[in-house]
Amino acid sequence: MHLARLRLRDFRNYARLDVTFAPGFHLLLGNNAQGKTNLLEAIYLLATLRSFRGVGSAQMLRYGSPRYFVGAEVVGDGGHEIRMAWSATERRLSLDGTPVRKLADYLGVLRVVVFCTEDLQLVKGPAGRRRRFLDLLLTQTHRTYLPLLQRYMQALRSRNALLKAREPDAAALESFTRELIAAGEPLVRLRRELLPRISALTRLAYRQIAHDAEEVRLDYEPSVREDFAAELARQRARERVYRATLVGPHRDEVRLLLDERPAAQFGSEGQKRSLAVALKMAQAEYLTGLHGTPPILLIDDVMGELDASRRAGLLPLLERSHQASGQVFMTCTEENWPRELGRRLQRWQVHQGALQPLEPAKG
Ligand SMILES: Nc1ncnc2c1ncn2[C@@H]1O[C@H](COP(=O)(O)OP(=O)(O)OP(=O)(O)O)[C@@H](O)[C@H]1O
Ligand SMILES: [Mg+2]
């Protein structure tokens with residue numbers, strides 16, 4: 001699968017862009033603040049309908065513009081055309097000329113994995129970061145996951161709103177509780193099934209890039225231990241005090257362990273960084289294994305942060321993607337692009353929201 005064409009109108013600092021991309025390796029070179037990350041953000045947005053910077057669409061409007069447009073042609077199993085437009089009053093998303101009604105039908109069309117400096121928060125940040133990582137991966141691999149998650153979050157919001165009342169209506173609470181359990185139980189089941197696989201892949205990836213003796217393990221700690229209904233019932237008194245739902249998959253944790261010790265507390269900075277990259281490598285490997293073709297890799301500024309030996313650990317993943325006619329988009333400043341990648345790459349100059357192809361690399 002690859003992104004064959006990308007069109008942008010009034011997206012971030014791109015007033016207008018229309019560019020075609022071959023399969024393979026694309027190196028986006030340029031000084032700071034020219035639009036390298038913005039381009040990756042647009043591709044990620046097409047794939048996930050979110051920004052990996054964690055911002056809303058309003059921030060992606062080019063300053064002063066009321067509307068942005070992002071369009072793409074994807075070549076994979078068959079070809080697809082995606083058109084997306086956003087303004088304060090209009091949200092449009094179409095696939096092959098037809099408006100998208102169910103997101104679950106759309107989200108498999110373009111699969112991406114992003115590597116960026118923010119990934120460190122997967123290790124250092126709160127549990128919500130790790131839940132989001134699981135949620136994205138399960139959304140990318142199970143069509144039923146996103147609708148379940150949306151149902152669960154809706155029930156949770158309604159239930160929490162009700163618990164804010166002085167005397168919550170018992171019948172309404174009962175009905176939201178039933179809905180919470182109905183959506184929550186399969187979420188936990190899918191997370192539980194995924195974890196051992198992702199744990200094994202992360203362990204392998206960590207060995208490749210860190211060359212350390214530590215063993216990585218991911219440990220799923222579901223908030224619900226056995227019976228969701230019984231545990232909710234047990235929490236009723238505390239819920240009245242806190243006025244919120246205190247158990248459920250919205251409280252799940254994934255512990256990241258290095259030799260059985262929590263990486264966030266005991267790992268060195270280098271180990272945390274390696275672990276963050278390993279988690280993303282595991283995501284890419286998992287998607288490749290499941291779909292038979294690699295996802296598009298978006299690598300933002302990460303190469304500059306890794307030393308040569310850890311960079312070398314990432315190369316097999318990039319190579320495999322290359323061999324399978326996948327695509328890699330990597331941003332670098334002129335000084336720090338990884339020359340060990342050789343000449344089989346397309347270099348682009350990014351300058352003030354415009355893209356120019358450069359001559360093939362020497363070396
Ligand atoms: N909504 C927006 N509208 C117009 N320009 C924007 C918008 N958001 C950011 N920019 C501009 O885009 C540029 C930053 O782009 P980007 O983050 O892609 O830089 P970069 O090339 O990745 O730089 P670096 O190497 O520093 O990471 C800045 O000049 C910023 O002012
Ligand atoms: Mg950048």
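Two strands pair if DSSP finds at least two bridges between them, strands being DSSP runs of E with at least two residues and helices being runs of H or I with at least four, numbered from the N terminus. The structure is a predicted model, in which local features need pLDDT of at least 70, side-chain atom pairs count only at pLDDT 80 or more, and totals for chains, interfaces and linings use all residues. Residues are numbered from 1 along each chain as its sequence is written, while chains are lettered from A and ligands numbered from 1 in the order in which they are written.

View 1. Strand 12 (residues 296-300) and strand 13 (residues 327-332) run parallel and are joined by four bridges, with Leu-297 standing opposite Val-328 of strand 13. The open sheet has six strands in the order 8-12-13-3-14-15, and its pairing is mixed. Because strand 8 (112-115) and strand 15 (354-357) are at the edges with a single partner strand each, one side of each is left without a neighbour in the sheet.

View 2. Among the 19 residues around ligand 1 (C-beta atom, placed from the backbone, within 6 Å), Asn-13, Asn-32, Lys-36, Thr-37 and Asn-38 come nearest. Helix 1 (residues 36-48) gives the largest share of this shell, three residues.

**View 3. Helix 6 against helix 12.** Helix 6 (residues 170-210) packs with helix 12 (residues 308-323) at an angle of about 135 degrees, the axes lying 6 Å apart, where axes are lines fitted to C-alpha atoms over the stretch in contact and angles run from 0 to 180 degrees between N-to-C directions.
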